[in-house]
Amino acid sequence: MDPASILLSFISVVIAGFIAGLLGSLTGLGGGTVLVPVLTLFLGIPIVFATGASLISTIATSAGSASGYTKSKIANIRIAIGLEVATTTGAIVGSLTLIAVYKTGFIWIIYVIFGLVLLISLVPTINRARFELPKAMKPDWTTRIFNLYGSYYDQRLKKQVDYHAVRWWLGEIVMFFAGFISGLLGIGSGALKVLGMDWAMNLPMKVTTTSSNFMIGITAATGSSIYWFAGYIQPFLAAATAVGVLAGAFLGSKILVKITNVRIRWIFFWVLAFLGVDMIFSGAVREQNLPTTGTISYIGFAISILISIVLLLLLYLKVRREKANA
Amino acid sequence: MPKFDQNAITSMILSSGVILSLSLIIIGVALVFIRGGGDGVPLSEIANYHNPGDTITSVSLLPANFIGGLIAGDGLYYISVGLWVLIFTPVTVLIDALVTFGHERNKLYTLLDAIVLFNLLLAIFVIPRFIG
C-alpha cells in the first residue's frame with residue numbers, strides 16, 4: 001500500500017471513531033459499543049483489534065467528559081470509587097476470559113455476546129431519563145456504613161438535591177458484571193453501570209450517568225493493560241480511534257443539550273439495534289465457517305435491517321403505551 | 001486546615017491526562033508518516049491492521065523501550081506512550097483520591113480505594129507476566 005492510501009484508510013478509521021463517539025454520546029451508550037461493530041462490520045477489522053482499540057479509546061472519552069462532570073460536583077467520586085472494587089475485579093476476569101476464548105478459537109461467541117449485550121442495553125437506555133429523581137427509599141444499613149449520602153445542584157430543577165443510595169451490595173454485584181462485560185467485549189459498559197446505580201442503588205439519574213462515566217475510565221484502564229500485553233492493541237488503529245471517538249463524543253455532548261426532539265433519538269436507537277442484530281448474524285456466519293463478505297453479508301444486512309425495525313417498533317409501542325398509562 | 005477542592009483536582013488530572021495523551025498520539029502518527037514507519041517496521045506493515053498475523057501489535061512494544069523510543073523520535077513509541085498516559089490517568093486519580101481519603105481519616109474509603117488501586121496495578125504489572 002502506498003502512503004496516500006494508508007492515509008486514506010487511517011482517516012476512514014478516524015471518521016468511524018467520530019461517528020461511534022457521536023452516536024455513543026447521543027444515545028448514552030458510550031463510544032465503544034458503537035465502535036466495535038462499525039470497525040468489524042463495515043471496515044473489516046478483526047474483532048481482536050477492534051475491541052483493543054475500543055477499550056483504550058473509551059478511557060479517553062470517559063476522562064474527557066468526566067472532567068466536566070466532576071468539576072460541577074454532580075458525579076459522586078466516593079460512591080464511584082467504592083463500586084470500582086467490583087468493576088475492576090470484573091474487568092480482570094473479563095479480559096482473562098477473552099484471552100481464553102481467543103486461545104480456544106471460539107471467536108464467533110464474542111460477536112454473538114456483543115450483539116446480545118448491545119440489544120439488551122438498549123432497553124434501559126431507552127427507558128432512562130424519564131424520571132429525574134428516583135422514588136424515595138429508606139436508608140438501609142449499607143447507606144450508613146458506606147456513607148452513601150450526597151447532594152448536587154440540579155440546573156433543570158433549579159434546586160439543591162439531597163440524595164442517598166441503598167443496597168450497596170447489590171450495586172457491587174451488578175458492577176462486577178459490568179466490569180466483566182467491559183473486559184470481555186472492550187467496551188465501557190455504561191448501560192450496565194447505570195443499571196447498577198439507578199436500579200440497584202436508587203441514585204438520581206444525573207448522579208448515576210455522570211458517576212458511571214467517571215467509573216468507565218478506571219474499568220477500561222484495568223482491561224486495557226491486560227489487552228496491551230496480550231497483543232490486542234494495534235497502536236496505529238488505536239491512535240486513529242482514540243482521536244476520532246473523543247472528537248465525536250465531544251461534539252455529541254454539545255449537541256445533546258440542544259436536542260429537544262426526543263423522536264430523533266429513535267433513529268439513533270434504530271442504528272444501534274441494527275448493529276446489534278448484525279453482530280449476532282455475523283457471529284452465526286462465522287460459527288458456520290461461511291465467508292463473511294459477498295452475498296451472505298448483503299443478506300445479513302437485509303435481515304438485520306428488518307429485524308431491527310421490528311424490534312424497535314415493539315419497543316416504541318411499549319414505551320408509548322406506558323406513557324399513556326402513566 | 002487548608003481547604004482544597006477535591007473535585008477540581010480530579011477534573012484537572014483527567015483533562016490534562018487526555019490532552020497530554022492526544023498530543024503524544026498525534027505527534028506519533030505524524031512521525032510514523034513522515035519517517036515511513038517506526039521501531040524498524042515499515043509504514044505499510046504498521047498500517048496493516050486488517051491482518052493480525054502480519055502487523056505490529058502492542059505485545060512487541062515493550063514499556064522498557066519507551067524512553068529510548070521517545071528520544072529516538074520513533075512515532076510508534078510516541079503513540080504507545082500516549083496510550084499508556086491514558087491508562088495511567090485513572091491510576092493518578094485513584095492515588096489522588098487515596099491521599100484525600102487518608103487526609104480526611106476516612107478509613108473505610110481509604111481501604112476501598114487501596115483495593116481498586118491494587119486491582120489496577122495487578123492488571124498492569126503482575127497479570128501480564130502470566131499471559132502472552
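Predicted model: local features only at pLDDT ≥ 70, side-chain atom pairs only at ≥ 80, totals over all residues.
Contact here means heavy atoms within 4.5 Å, and in that sense A:Ser121 touches A:Leu29 and A:Ala191 once residues up to four places away in sequence are not counted. Between the two chains about 5,100 Å² of area is buried, whereas the count of salt bridges between chain B and chain A is 0.

**Interface of chain B and chain A**

- On the side of chain B, 56 residues are in contact with chain A, and on the side of chain A the corresponding number is 64.
- The area buried between chain B and chain A is about 5,100 Å², and carbon and sulfur atoms give 79% of that area.
- The side of chain B that touches chain A draws at least two residues from each of α1 (6-35), α2 (43-46), α4 (75-103) and α5 (107-126) of chain B.
- Sorted by residue class, that side of chain B divides into 41 nonpolar, 13 polar and 2 charged residues.
- While salt bridges between chain B and chain A number 0, the rule for polar contacts finds 13 residue pairs across this interface, with both residues at pLDDT 80 or more.

**The salt bridge in chain A**

- Over all chains, a search of the whole structure finds 1 salt bridge, and the side chains of A:Asp154 and A:Lys206 meet in a salt bridge with an N to O distance of 3.7 Å.
- Because A:Asp154 lies in strand β1 of chain A and A:Lys206 in helix α9 (residues 205-230) of chain A, the pair ties together parts that are 52 residues apart in sequence.
- A:Asp154 counts as buried, with a relative accessibility of 0%, whereas A:Lys206 counts as partly exposed, with a relative accessibility of 24%.

**The strand pair in chain A**

- Strand β1 (residues 149-154) and strand β2 (residues 159-164), both of chain A, pair in the antiparallel sense over 6 bridges.
- Within this pairing, A:Tyr153 stands opposite A:Gln160, which belongs to β2(A).
- The hairpin that β1(A) and β2(A) form has 4 residues between the strands, and in this hairpin A:Lys158 takes a positive phi near 55°.

**A:Lys138**

- A:Lys138 lies in the loop between α5 (107-127) and α6 (141-145) of chain A, and with a relative accessible area of 76% A:Lys138 is exposed.
- When neighbours within four places in sequence are left aside, A:Lys138 is in contact with A:His164 and A:Val166; of these partners, A:His164 falls within the residue range 159-164 of strand β2 of chain A.
- From C-alpha to C-alpha, A:Lys138 and A:Ile113 are 37 Å apart in space, and the two residues are 25 residues apart in sequence.

**A:Ser121**

- A:Ser121 is found in helix α5 of chain A and counts as buried, with a relative accessibility of 12%.
- The side chain of A:Ser121 reaches the backbone oxygen of A:Val117 at 2.6 Å, and the contacts of A:Ser121 beyond four places in sequence are with A:Leu29 and A:Ala191.

**Two asparagines in loops of chain B**

- B:Asn106 has its place in the loop between α4 and α5 of chain B, and B:Asn106 is buried, with a relative accessible area of 17%.
- The side chain of B:Asn106 reaches the backbone nitrogen of B:Tyr109 at 3.4 Å, and, not counting residues up to four places away in sequence, B:Asn106 touches B:Phe101 in chain B and A:Arg78 in chain A.
- B:Asn65 is found in the loop between α2 and α3 (66-71) of chain B, and B:Asn65 is partly exposed, with a relative accessible area of 36%.
- The C-alpha atoms of B:Asn65 and B:Tyr77 are separated by 8.2 Å, the two residues being 12 residues apart along the chain.

Key:
Residues numbered from 1 in each chain as written. Chains lettered and ligands numbered in written order. Heavy atoms only, no water. Buried < 20%, exposed > 50% of the residue type's maximum accessible area, 1.4 Å probe, protein only. Pairing = 2+ DSSP bridges. Salt bridge = Lys/Arg side-chain N within 4 Å of Asp/Glu carboxyl O. Buried area = accessible area lost by both parts, 1.4 Å probe. Polar contact = N/O pair within 3.5 Å; in protein donor to acceptor, adjacent residues only side chain to side chain. Nonpolar A, V, L, I, M, F, W, Y, C, P; charged D, E, K, R; others polar.
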